[in-house]
Amino acid sequence: MKLLGQKLVPNQPGTITIIPEKPDDLWLLFNLIANGDIVSAPTTRKILNSSDSTNKKNNARVKLELEIRIATVDYDKDSSIIRVRGKTITSNEHVKSGVFHTLELETEKEFNLTKKLWDEETIGSLKDGSGRNGTKHDLGIILMKDELAEILLVGKNATSTHCATVRGEKITKNNSNLKKFFENLFVSFRKHIDMDDVPYVVLASNESIKDEFRVYLLLEAQRLKIKSIESNKSRILMVNKSNVKEILSDKVVTSVIRDTKSEMNMKVLEEFMNMVITKCDRACYGTKSVEYAHELMAIETLLITEEILENKDIKLRKKYLGLKKSVNEAGGKVVQFNDVEGHRLAQLTGVAAILRFPIPNLDELVL
């Protein structure tokens, strides 16, 4: 999600311009937008026109910008649209003030959000969603095979985002198709990966094409004087892997991101798995056991998969987001895992906890 405009100050009024970029951005915003907030966004309105010559009336739609004070907020999970309804604040030639209207907030569509008071938690959530709290991505990946390349970005909690797929014609040695493929891949690389912001880039393939592209990449950077690539060429890694899971497990890759959040989260998961075996009264998993442990204020670290937090069932999604927030407010730590690194946690229901103190026979207490 992109945030434009003024800097928000905690516990002060303010307006921010927002451009949601993916469905998860809309879900985040759905949980941040509240009744009484003001939203302005482009929309269309049906008006009635009459012809003086024929005395006939016909309907037409006009585009206009509306500003409303929100009375209700709804989220359509199937189409990923937020619908905000409220009374218009200002009037124009087509719409009077005080009239109820519904605005639809969608991906890639800009709107303004005004709050009487921006609290620190809301500002922090917005910054997390836009990547403004430090570096947004730990790793850029270009995964190549024959005439196909995928560009991905790996963010916090080792969450991988697919940015682009570059396809070329059938490649044979020393033909022009390879050069054209590299040209397109270079353009896409520059569009999606900024090496001043992304600590490391991995060129991955089981074939020699990754080596050839690295040579092309550095020569083009030198020719075009692209300093962000030239000065950071030591941070372009080469690995013989064929998928993201293998890349994130590669020793070279894990060694360079050892101090990042991704690596820290992997250590937390390993700690939990060891506790399940050696100190089972200090670890629990499953929704009921975790919720009961939280009632006892026993959770030191909550482990949860993003698959659960992004559940399409809105009631379940709110339930687990509420649990996450409640654990945070109680002084606990929350660690989220994506489907790549959290597959072992997913096998244990997807939600688990490391406890502050032992609770013997927790499963029996729950039952």
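Visitor: Hi! Which strand do the 5 bridges join to E15?

Guide: Strand E14, residues 299–305, and E14 and E15 run parallel. Strands here are DSSP runs (E, at least two residues) numbered from the N terminus, as are helices (H or I, at least four), and two strands pair if DSSP finds at least two bridges between them. This is a predicted model, where local features need pLDDT of at least 70 and side-chain atom pairs count only at pLDDT 80 or more, while totals for chains, interfaces and linings use all residues. Residues are numbered from 1 along each chain as its sequence is written, and side-chain values use heavy atoms, leaving out hydrogens and water.

Visitor: Switching to helices: at what angle do H1 and H11 pack?

Guide: At about 70°, with the axes of H1 (residues 23–30) and H11 (residues 314–329) 12 Å apart. Axes are lines fitted to C-alpha atoms, for helices over the stretch in contact, and angles run from 0 to 180 degrees between N-to-C directions.

Visitor: So how are H1 and H11 placed relative to each other?

Guide: They are roughly perpendicular, a label for angles of 65 to 115 degrees (under 35 is roughly parallel, over 145 roughly antiparallel, the rest oblique).

Visitor: Which residues of H1 make the contact?

Guide: Asp24, Trp27 and Phe30, and they meet Ile314, Arg317, Lys318 and Leu321 of H11. Contact means heavy atoms within 4.5 Å.

Visitor: What about H9 and H11, how do their axes cross?

Guide: The axes of H9 (residues 287–295) and H11 cross at roughly 30° and come within 11 Å. H9 passes H11 in a left-handed crossing. Thr287, Val290, Glu291 and His294 are the H9 residues in this contact.

Visitor: New topic: how many salt bridges are there?

Guide: A search of the whole structure finds 9. A salt bridge is a side-chain nitrogen of Lys or Arg within 4 Å of a carboxyl oxygen of Asp or Glu. Arg83 forms one with Glu104, and their closest N and O atoms are 2.9 Å apart.

Visitor: Where do Arg83 and Glu104 sit?

Guide: Arg83 is in strand E5 (residues 81–88) and Glu104 in strand E6 (residues 100–105), so to speak distant parts of the chain, 21 residues apart.

Notes:
Left-handed = near helix turned anticlockwise from the far one by under 90°.
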